[in-house]
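Visitor: I would like to learn how to read aromatic contacts. Please show me a case.

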Amino acid sequence: MRGGRLARFFDSFFVLRPTLIFPLWTMTLAGCWLALRAPNHWLQWSGFLQSGRGIASWRWLLLSISITSMYGLIYLLNQIKDIKTDSINEKLFLVAEGALSRRHLIIEAGILTLAVAVFLFLSRFTHLGLLALSIFVIIGILYNFTPLALAGKPWGGLTAYLIGGWMALQLGEMIYGESISLRWEIPYLIAFVSSCIVTNLPDKPGDMSDGKMTFAVVHSERGTLIVGAAGFFLAAVVGVFNRDWVIVLPAAMTTPGMLAAYLKQNVELSIRVNKWAIFLLSVSVGAAFGFPVYLIIIGLYYPFARWYHRNRFGMAYPSFRC
């Protein structure tokens, strides 16, 4: 680790793994898209700002701070739990290598917890409180801690991915006061779970050393790759039946690459394709939802994150390469 005072100043921000917060936000915005696509909104979704279904910008800003704080807190707890495996896998140095003290992490976790509650209240979305708490308990606590430790079991991890993705969708739907049929949610859930399974592959050495029985450890690289390819393909097929091109386009565009990764048994290719799949779905959701701010944030974050990781760790991250 290296970097001057300016780069180190952003340690507290990047320890929350903002790059991985984007996929969760993409699922939340996908839920918003599905809500506005519901039958009673279908003819007016593109004009929702004038239809009375719109949300004031200041409410969106405060709500975004609350939700982002919650997702960041979840990833912070995950790193605290995975210090040993992250050290073996040579990743997430801020926690695994002790760049930030345990006291610092506890204080930051406390601040994030407070931010979730305060900004949820100020944004007037307190009705989301129970769902937000459920997301935190399942993904933040049950996934990492307690005797259940879903992260250390193949089907436990799948269950956590499925429930976590579904709750992220529900969060978006509840923002716009809709309850959407599972039929419309299924392709997004399939794509989300498949993507999460593929992300287990680069962590396999550390997970094996720590005795974690993740999907990639139990079912091998071959099994993980075929599930990833099948999942992307199935998400595209179900999306076609639903006539939901927001999920069809990114899934269809990346399925051939994931299939090639399986046929060649190429883990690095699968990781690259997976990153493109996440990015394309984020762009697709942002464009369809009519939420250009999300696309702008993605565009600004990428060079900022590249600058930070280059100056702090000498790494080219985030990257569409392995």
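Guide: We will go through the ring pairs, then the charges over rings. Keep in mind that this is a predicted model.

Visitor: How many aromatic pairs does the structure hold?

Guide: The structure holds 18 aromatic pairs.

Visitor: What describes a pair of aromatic rings?

Guide: The distance of the centres and the angle of the planes. Take Phe10 and Trp307: their ring centres are 6.1 Å apart and their planes are at 85 degrees, so this pair is edge-to-face. The cut-off for that label is over 60 degrees.

Visitor: Where in the chain do Phe10 and Trp307 lie?

Guide: In distant parts, 297 residues apart. Phe10 is in the loop between α1 (5-9) and α2 (11-14), and Trp307 is in helix α15 (residues 292-313).

Visitor: Which pair lies in helix α14?

Guide: Trp276 and Phe279 both lie there, three residues apart, about one turn of the helix. Their rings are edge-to-face, at 5.8 Å centre to centre and 80 degrees between the planes. Trp276 is partly exposed at 39%, and Phe279 is partly exposed at 28%.

Visitor: Which residues form an aromatic cluster?

Guide: Phe10 and Trp307 are among them, along with Phe9, Phe13, Tyr301 and Phe304.

Visitor: Which charged residues sit over rings?

Guide: Arg59 lies over the face of Phe125, 4.3 Å from the ring centre. The charged end of Arg183 sits over the ring of Trp184, at 4.2 Å from its centre.

Methods. Residues numbered from 1 in each chain as written. Predicted model: local features only at pLDDT ≥ 70, side-chain atom pairs only at ≥ 80, totals over all residues. Heavy atoms only, no water. Phe/Tyr/Trp six-rings, centres within 6.5 Å; stacked < 30°, edge-to-face > 60°. Helix = DSSP H or I, 4+ residues; strand = E, 2+ residues; numbered from the N terminus. Buried < 20%, exposed > 50% of the residue type's maximum accessible area, 1.4 Å probe, protein only. Lys NZ or Arg CZ within 6 Å of the ring centre and 35° of its normal.
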